[in-house]
Amino acid sequence: MCGICGAVRLQAPGPISEAAIVAMRDTMPHRGPDDEGVYLAPGVGLGHRRLSIIDLSGGRQPMSNADESLCVTFVGEIYNFRELRGVLEARGYVFRTKSDTEVILHAYAEFGERCVEHLRGMFAFGLWDARRRQLFVARDRVGIKPLYYTIVDGTLLFASEIKALLGWPGVRREVDETALGAYLRYRYVPGPRTMFRGISKLQPGRTLSVKDGVVTERQYWDVPLGEEASEAGSKDRLLELFQESVRLRLISDVPLGVFLSGGLDSSAVTAMMASVTDQPIQTFSVGYPDGAAGSEVTEFEFARLVATRFKTDHHEVALDASTFWAALPKLIWHFDEPVADSAAIPLYFLSRFARQFVTVALSGEGADEVMGGYAMYRKMLLLERLRRLPFASRIAGVIEPHAGRRTQRYLRRLTRPLRSQYRGVSALFAEEEAVSLLRPELRGRARWDDQEDAYFDRVAGLDPLSQMLYFDLKVWLPDDLLVKADKMTMATSVELRVPFLDHRLVEWLWRVPASSKLRGRTGKWLLRDAMRDLLPAPILERKKLGFPVPIHGWFQGGLAKAARELLLDPCGASARFFEPARIAALLARHERGGEDLSGEIYALLVFAIWHRIFIEPSVVSTSAPTEMRLA
C-alpha cells in the first residue's frame, strides 16, 4: 500500500516544481515508510510513497515503461496481476519487474482507458501518457482506495489524501458550507463533495482523464442491476467465490493476519483463510477492560472462540475512555475531513498493535452492504409494509406528538416512500433537527440530497432491500466504512484487504434473490447457511454489533466536561457554524440520561476538532497533532 499524488497543467505545459510535488508527497509518510519517488516531465509531476508488499526490491514508483512513454504512480493491489501478466506476455510485452504496478503500465498500453476493466483488486492510480499528453486517473470499483482532486491556477492536482493537496501552493482551506447539512445527516460527507470547498472525491468505479485542458470523468463499473440468479446451488457458489477471494488476498511478500472481532464476517474470513493455507494464522482483536463497557460491547470472548477453533496465534488489545479522547485529534488529522464514526478509534489501535507482527491484514468489511446484514434493513422493510396499510399516515400523525424523539423519526417515515426516507444505516440528525442546529445564515446554503434521487432512480424497479443495499454501496460504504478502513490502517502503515468486496463476488451476490440475503429476522442468511459447518454456533447466532464503542457512558462520565468545554467554546468552530443554545440543550439532555445523544455529540466534537486542525492554523501540519488531555 502506498500514497500517491500528482499535478498536470491544463493548458500550456509549463514546468512543475519538484519541490511542490515533494511537499505533497511528504505529507503522507505513514502511507509509505519504505521508499519514495518523483517523476517530472513538461507540464506534469507525479509523487509516490511506498509501503512495500509485493516485489520488495523491484517495485519502485513512479514506474515507467521501457521507452518512458508511460509513467504511473499507483496505490493498492492487483490480485490477478499474474494472470494478466501472462496475457500481456503472450501479446509481446516484456516485463522488467515482478510487481503488479508494471502490469498496469502494459495493460494501459494494450487496452487504453479500458485497462481498468481488466484489473481485479483495490486501486487508485495516476498514469501519464507522454505521447498523447494525457493524464489518466482511476479508482477501484467499490472505492476501497480513496482519491481526491482539485483544480487551482490552471493545474489539476490529485492525491490519496486531502492534506497532500493542501500542501500545494494556492490551495485554499475553506469549509464547504453546503456540505454541513449532509454531514449532520450522515456523520460524513457523501461524495463527490468533501468538507473542503473546491476539493472533490473521485467516485468509485470512475476514471478521470485530462487532455488538451479538458477534464473528463467516466463511469466504468456498476453492479448488474435487474439480473437475478437462481437460488439453486447458491451456497456452494458463495463458498467457491469467497474462498477464491480470500486466496487471492493472501498474495504477499510480507507477513499478514486477520482482524478478528468475533462477528460472523471476520470469523468467516478466518475460517476461509484456514482452509487455503497451512501457515500459522495471526489474529488480532480489540475490546475494553473488564467492566469498563458492559458485556454488550465485549468482543474478546467470541474472538477467542474462533481463534481456538482454527488454532490461530491470537493477540488482544484493550481500549479505555482516556485513550479514546487523547487519540482523537491524531485520528481526525489522518481522516482529512470529519467522519464521525467512533469505531475508527478501536480500529486505529488494533492496527497500531498489529503492526508489530504483520504488514497486511484481512477483515470482514463489506459483507453487510452486499448481503443485508444490518438491523436497519429489517426495520425499514417493516415500515414499508406498514406504510402501505390503510390509514397508516393518519395513525402516525396521532401518535407522533406523544412519542419519544427516535420513535417520532420512525413514525414520520410512515408518511413517505422509501426513497425519500432512507438515509443509510448511519443516519444521524433528521433534516429538521439539522436545520435548527445550524446558524440562521447557513440554513439556506446547506444541501441535503445531492445524490439520493439519482441512486434511487437507477434501482427504482428493484425490491426495497436491493434499493437500500444499492444506496449504501454507493454512499455509506465508500464515504464512511471504507475511508475509515483505509485511513486508520494506513495511519499505522498497515495494508487492509477486504475479501467480501472482490468485484466478482459482489456482482454475483447482486444477482442472488433478496430472500437469500434477508430471511425473516436473519440478515446475511446465505452466508450463515454457507458457514454453518465451519463456524461455532454462538458466532452464527450472535446479533450484529460491528465495532462497538461505549461512548454513551463516556459522554455522561469522564468525557462530559471535556465535550462541553470544547463544544461551547465561544471562539470555537461550533459557535461559528451552530446555535450554541441548541448544542447546550443537546448536551444537557444526554447528561440527564433520558436520551442517548452520544452519536450527535461525537459528530459535533469531530467537526470542532477538525476545524481547529485544518482550517484555523496558517499552515497545515505535515505530522499528526499532539494528543489531547482528558479534562
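Predicted model: local features only at pLDDT ≥ 70, side-chain atom pairs only at ≥ 80, totals over all residues.
Local features were considered only at pLDDT of at least 70 and side-chain atom pairs only at pLDDT 80 or more, whereas totals for chains, interfaces and linings use all residues. Residues are numbered from 1 along each chain as its sequence is written, and side-chain values use heavy atoms, with hydrogens and water left out.

A search of the whole structure returned 42 salt bridges, each defined as a side-chain nitrogen of Lys or Arg within 4 Å of a carboxyl oxygen of Asp or Glu. One of them pairs Glu 36 with Arg 49, with the closest N and O atoms 3.2 Å apart; Glu 36 lies in strand β2 (residues 35-41) and Arg 49 in strand β3 (residues 44-50), 13 residues apart, where strands (E, at least two residues) and helices (H or I, at least four) are DSSP runs numbered from the N terminus. Glu 36 is partly exposed, with a relative accessible area of 35%, while Arg 49 is buried at 10%; buried denotes under 20% relative accessible area, exposed over 50%, and partly exposed the range in between (1.4 Å probe, protein chains only).

A salt bridge also joins Arg 120 and Glu 244 at 3.2 Å, N to O, and it connects the loop between α3 (100-111) and β6 (121-129), which holds Arg 120, to helix α6 (residues 234-248), which holds Glu 244, across 124 residues. Arg 120 is buried, with a relative accessible area of 4%, whereas Glu 244 is partly exposed at 25%.

In the pair formed by Asp 502 and Arg 249, likewise with closest N and O atoms 3.2 Å apart, both residues are buried.
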